[in-house]
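Here are my notes on the model you sent over. Have it open while you read, and go through the points in order.

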Amino acid sequence: MRAHNFGAGPCTLPVDVLEEAQAEFVDFAGSGMSLIELSHRSPEYDRVHRRTLELTRSVSGAPDDFSILFIQGGATLQFGMIPMNLLGAGEQAGYVVSGSWGKAAFADGRVVADGYAAWDGEPDGYRRMPRPDEVRQEDNTRYLHVTSNETIGGIRMTDYPVGARLVADMSSDYLSRPIEWDRFDLVYGGVQKNLAPSGMAVVFVRESGLGDPVHPLPKYLDYRWHIESDSLGNTPPMFPIYLMGKVLERVAAAGGLAAVEAEAAERARRVYAAIDGSNGFYTNPVAVPDRSHMNVVFTLPDADRERAFLDGAADRNMVGLKGHRSVGGCRASLYAALPMESVDALVDYMGEFRARF
Ligand code: PMP
């Protein structure tokens, strides 16, 4: 039996994708071996690689002047790679510190280059995103770094800052809503939430946005090397690339990002309705317009009931509902492959549990 998987990542993937991968696993495309045993220079793998690249472009709508890169190291490696590649001498990056992930990007970025906090939500406990006019810009700002969805705080950005080029970590709502490409020079994210198993980041980078690196870069850290080789400079993360292709085929067939967005809004609406209709039994601290459609955080009146809630959820085959270890509480992650039936199971359980206490 499949679990109702509310994990924040890695997380649930479409079951038909898993079954298709299973069916072709041992003998991929008549090659006599599995995809993960094939050479990454083989024609069989090359077709998979090119197809996933094409689907990533068509589903995302990324314009032709963006290169699409598949890079190992997750989103975390990008925290450092981006400033290495985009900042020239005397330039700096401004960071919107909207939560734990914005803060992590800021901390790592400053290891390699100059950066400043353009807005900091920490004193208020990361309960909202800034309004565009609250984001401060210093001289020589090459770009502003934003996090489209803060996975731990459960907040999302809808009103992006204006005036500077943007770089966005979209890890936790990746390809779950259309992207306004003209605002961005770079968009990145780990794929292990809406798109694929863990093991890589997808980076969209506008080639004209690449700077003259202040220091020479080892090749793996240099976007140009990945661009020139179509992400085949060394052995790529073949399995995530293969599975992401299958996920994106489904997204395309189901109506693209607008359809994913509408479904995500509906999942989130149902869970927030359960919270808001609970007379304060469940509470969500986030400013309503900034509530995440991917990660719904909530607390119960006390630790005992929270524990009982999580235990009862586990008995009902609902997993991954414990909040991040840094903030506690509960969190329901509602990524793109989560069946509506799982959402309804959670909502029913929330109502039942509340009635018991
Ligand atoms: N940014 C965000 C918004 C995330 O949610 C995560 C992981 N949960 C990361 C960055 C780090 O990603 P990775 O594990 O791929 O390095």
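A word on terms before the points: buried means under 20% relative accessible area, exposed means over 50%, and partly exposed is in between, with a 1.4 Å probe and protein chains only. Helices (H or I, at least four residues) and strands (E, at least two) are DSSP runs, numbered from the N terminus. This is a predicted model, where local features need pLDDT of at least 70, side-chain atom pairs count only at pLDDT 80 or more, and totals for chains, interfaces and linings use all residues. Residues are numbered from 1 along each chain as its sequence is written, and side-chain values use heavy atoms, with hydrogens and water left out.

1. Start with helix H8, residues 303-315. Its 13 residues reach 18 Å from first C-alpha to last, close to the 18 Å expected at 1.5 Å a residue (the expected span is 1.5 Å times one less than the number of residues). Glu 306, Phe 309, Leu 310, Gly 312 and Ala 313 are its buried residues. Down the axis of H8 they fall within an arc of 165 degrees, so they line one face of the helix; the arc is that of the directions from the helix axis to the C-beta atoms. Asp 304 and Asp 315, on the other side of H8, are exposed.

2. What does the buried side of H8 pack against? The partners are strands E11 (295-298), E12 (318-319) and E13 (330-333), plus helix H9. Contact here means heavy atoms within 4.5 Å.

3. H9 has 17 residues and reaches 25 Å, close to the expected 24 Å. Ser 342, Val 343, Leu 346, Tyr 349, Met 350 and Phe 353 are buried in H9. They cover an arc of only 130 degrees around the axis, which puts them on the same side of H9. The face turned away from that side carries exposed Glu 341, Asp 348 and Ala 355. The buried residues of H9 pack against several elements, including strand E1 (4-5), H7 and H8.

4. Now look at H7 (residues 256-276) against H9 (residues 340-356). Their axes come within 9 Å and cross at roughly 5 degrees, which makes H7 roughly parallel to H9. For the cut-offs, angles under 35 degrees count as roughly parallel, over 145 as roughly antiparallel, 65 to 115 as roughly perpendicular and the rest as oblique. Axes are lines fitted to C-alpha atoms, for helices over the stretch in contact, and angles run from 0 to 180 degrees between N-to-C directions. Among the residues making the contact are Glu 263, Arg 267 and Val 271 of H7 and Met 340, Asp 344 and Val 347 of H9.

5. Helix H2 (residues 43-60) has 18 residues and reaches 26 Å, close to the 26 Å expected. Its buried residues include Tyr 45, His 49, Leu 53 and Val 59, and what covers the buried residues of H2 includes strands E2 (66-71) and E10 (201-206), H6 and H7. Just after H2, Gly 61 takes a positive phi of about 75 degrees.

6. Lys 246 deserves a look: this residue of helix H6 (residues 238-253) counts as buried at 8% relative accessibility. Leaving aside neighbours within four places in sequence, Lys 246 is in contact with Val 17, Glu 20, Ala 21 and Glu 24.

7. Finally, some backbone details. The peptide bond from Gly 9 to Pro 10 is cis, with omega near -5 degrees. Asp 230 has a positive phi of about 50 degrees although it is not a glycine, and Ser 231 has phi near 60 degrees. At 34% relative accessibility Asp 230 counts as partly exposed, whereas Ser 231, at 4%, counts as buried.
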